[in-house]
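Have the sequence and the 3D view open while reading.

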Amino acid sequence: MAEQTLVPTDVEAQMQALFRKLHQHPELADEEHWTTQQIKSVLADLHITVQDYGLNTGVVAEIVGDAQGPTVALRADIDALPLQEETDLPYKSQIDGVAHSCGHDFHTTALLGAAAMLQAEHDQLPGKVRLLFEPGEERHTGAKAMIKVGVLQDVKAIFGMHNMPQIPVGTVGVKVGKLMASNDNFQVTIKGRGSHAAMPHTGRDPLVATSAIVLMLQTIVSRNIDPAERVVLTVGQITGGHANNVIPDDCFFRGTIRCFSSESRALAKQRFNELVSQTALAYGQTADIEWDQGPAPVNNDAEVTELVSQQAKQFMTVAPAKPTNADDDFASFEEHVPGCYAFMGSKGNATLHHSDFIADPAGLKYAAKLHETVAKALLKREVER
């Protein structure tokens, strides 16, 4: 298929304009009210019915062909990150301290482009295509909320994609099985007793205890986890104290654990709790530990992934996707229905979650076309079963 025929000219132009518009108005997780209205407006112009699931933000809609046929789902996330954009783009973020530095504006635009093409021939579809515009992905809230209200009811299979700046435009990365890691975020407060910095013996220094704990935590991966397993434990923030001559009462730190198996995930959390609590105790202090349990690993269904690969080969370069320690709550959908999550080339100057990240909008036509062709192929597969 020739590159210029991937999507109709008017759809391509609309996607380019919408992408710039969304990029200029990023919104944080679960605060995507403006974005939600923009999506609904586009869907209304396409005469696609929005379904009311009682969500605060985010959108669920359905393209109906044969109303008695099967239902498949396409998903895009819509939220942005708390980062200050540092690019020279003419359409850079207009919201201070918020930016689409993960490319969810790319995902939203591509799915709306696919929706336009699917709706244009909806009377030829042998079933229904449910569109999931998920809020709150960056906080691991969106998929859980959507699943809870029943958006996966009657869905036979689901497909989604994430732009990947390390991959050239026109290439898609696919992989059967584990593609992205699970995510468990921790927050810990070590409670000691403050004192004068010149009289440390009169207190219990939480800064020293925290320093020891952070070093000890590194032994979880190196001395508890099977070397054949893929596990990362990172402390990303430490906060404590306010003066050079005062030992504070407490010290706070937080970070994340990423795993690819349930066994490693359980063991890493167990050893974390033991090491933090017992090391604090050894220093005469206590530890308050809080967990934010994120999604399981993205785990792609073999049959759906092969179907995606076959569809992509018609107009794209298909390459094996490399597993990443990043997470995505698309995994939560895959725990309920067979699915495939792919990496879409968006070759840029920086990687995801960087302030100077840029997703190349030239990749939108490939992403929209893949959504469209996969939805059709999934419906055809279900009808023929």
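Two strands pair if DSSP finds at least two bridges between them. Helices (H or I, at least four residues) and strands (E, at least two) are DSSP runs, numbered from the N terminus. The model is predicted, so local features need pLDDT of at least 70, side-chain atom pairs count only at pLDDT 80 or more, and totals for chains, interfaces and linings use all residues. Residues are numbered from 1 along each chain as its sequence is written, and side-chain values use heavy atoms, leaving out hydrogens and water.

**Sheet**
- Eight strands form an open sheet with mixed pairing, in the order β1-β2-β4-β3-β5-β16-β6-β15.
- At the edges are β1 (49-51) and β15 (317-320), each of which pairs on one side only.
- Strands of a sheet pair through backbone hydrogen bonds, either parallel or antiparallel.
- Strands β3 (residues 71-77) and β5 (residues 155-164) run parallel and are joined by 4 bridges.
- Arginine 75 has glycine 160 in β5 as its bridge partner.

**Helices on the sheet**
- Helix α9 (residues 364-384) packs on the sheet and touches β3, β4, β5, β6 (171-174) and β16 (339-345), where contact means heavy atoms within 4.5 Å.
- The direction of α9 makes about 160 degrees with that of β5; axes are lines fitted to C-alpha atoms, for helices over the stretch in contact, and angles run from 0 to 180 degrees between N-to-C directions.
- Helix α2 (residues 33-45) lies across β1, β2 (59-64) and β4 (128-134), at about 15 degrees to β2.

**Cysteines**
- The count of disulfides (pairs of cysteine sulfur atoms within 2.5 Å) is 0.
- Cysteine 251 is buried, at 1% relative accessible area; buried means under 20%, exposed over 50%, and partly exposed in between (1.4 Å probe, protein chains only).
- Cysteine 259 is also buried, at 0% relative accessibility.
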